[in-house]
Amino acid sequence: MNNAVDPTTPVIALHGLTKRYGIGDAEHTVLDGVDLTIKKGEFIAIMGPSGCGKTTLLNILGLLDRSNGGDYKLNGKSVDSLSSAAHARIRSDQVGFVFQNFNLVPRLNVIENVALPLTYRGVRKTKRLQAASKMLATFHLSEREYYMPWQLSGGQTQRVAIARALVNDPSIVLADEPTGNLDSRSSHVIMEELSDIHKRGNTIIMVTHNPSLTTYASRVITMLDGRIDTDTKDPRAPINQIDTTKRRLDSHSEPTKTEEKAKKVSKKSTKTKSKSTRKGTKK
Ligand SMILES: Nc1ncnc2c1ncn2[C@@H]1O[C@H](COP(=O)(O)OP(=O)(O)OP(=O)(O)O)[C@@H](O)[C@H]1O
Ligand SMILES: [Mg+2]
């Protein structure tokens with residue numbers, strides 16, 4: 001059987017997707033006919049006010065929840081009528097979740113938690129632990145491999161959860177406010193990691209409340225009342241909003257084009273300022 005997916009087929013195609021909660025008078029519509037097409041390799045940031053349906057949408061995209069209506073095609077195939085077991089298989093093969101409050105398994109230590117998704121894939125123990133260890137090193141957590149989850153700080157717990165989500169090199173990464181609980185340094189470590197995964201050709205869909213993080217995205221979608229409100233490809237962040245000191249932690253990496261541009265603009269404005277200051281002090 002040929003399982004190859006035509007590269008032009010969208011990774012995700014939603015048509016008129018609806019989700020309602022409650023029954024009778026208490027019924028409310030949370031997703032109200034969402035149409036959305038996502039191509040392989042896009043990095044999408046989803047924004048919108050609290051309660052507009054971002055997490056609900058992400059849960060449906062990740063096959064953790066089901067819609068009430070409309071059509072969801074994943075890699076060209078409708079997934080609405082598949083069994084829960086089939087959904088679980090797709091999740092384990094293709095999807096990585098990075099959720100803000102992703103609980104680690106309390107009785108497993110850090111390295112075992114990170115290796116867990118590889119167990120479901122049947123990878124042998126030594127290989128699993130090697131891969132987990134490598135991933136933990138990326139997040140500067142090598143010294144915590146044998147800690148138990150309760151011995152970690154909030155930021156460390158989240159980094160472990162993210163390492164676990166990424167260990168099976170998923171082709172689709174769904175991230176719900178992945179940096180919501182983190183300080184800006186840790187946030188940018190995680191954003192750089194997501195960027196690297198994106199550069200390797202994977203698709204990333206990230207919910208965020210932080211507008212500065214949308215600079216990592218190739219497309220920004222805003223939601224309002226269960227619908228897509230705006231959809232902007234190749235967003236150009238206002239340069240003055242980018243904090244170039246926080247963006248990169250790896251001092252060896254080259255600055256990005258946006259950073260170069262931001263630096264030039266700030267140099268220019270410093271020059272103009274000092275010119276006008278000189279003018280002002282001229283007798
Ligand atoms: N299991 C549920 N049962 C009933 N209502 C729910 C359920 N899950 C979510 N909702 C409702 O659906 C709406 C959208 O919730 P959702 O979590 O998707 O919002 P959100 O955009 O992610 O918000 P936030 O930015 O605060 O995380 C909310 O009004 C919420 O109360
Ligand atoms: Mg949410």
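**Exercise 1. Determine which helix gives the largest share of the shell around ligand 1.**

Solution. The model is predicted; local features need pLDDT of at least 70, side-chain atom pairs count only at pLDDT 80 or more, and totals for chains, interfaces and linings use all residues. Residues are numbered from 1 along each chain as its sequence is written, while chains are lettered from A and ligands numbered from 1 in the order in which they are written.

Step 1. A residue is near a molecule if its C-beta atom, placed from the backbone, lies within 6 Å of it. Ligand 1 is surrounded by Tyr21, Val30, Gly48, Ser50, Gly51, Cys52, Gly53, Lys54, Thr55 and Thr56.

Step 2. Helices are DSSP runs of H or I with at least four residues, strands are runs of E with at least two, and both are numbered from the N terminus. Helix H1 (residues 54-61) supplies three residues, the largest share of the shell.

Step 3. By residue class, the shell holds three nonpolar, six polar and one charged, with Gly counted as polar.

**Exercise 2. Trace the strand pairing of S4.**

Solution. Two strands pair if DSSP finds at least two bridges between them.

Step 1. S4 (residues 69-74) runs antiparallel to S1 (residues 12-21), with five bridges joining them. Here Tyr72 in S4 is the bridge partner of Leu14.

Step 2. S4 is also joined to S5 (residues 77-78) by two bridges, again antiparallel. Lys77 in S5 stands opposite Leu74.

Step 3. Two residues lie between the strands of the S4 and S5 hairpin, where Asn75 takes a positive phi near 50°.
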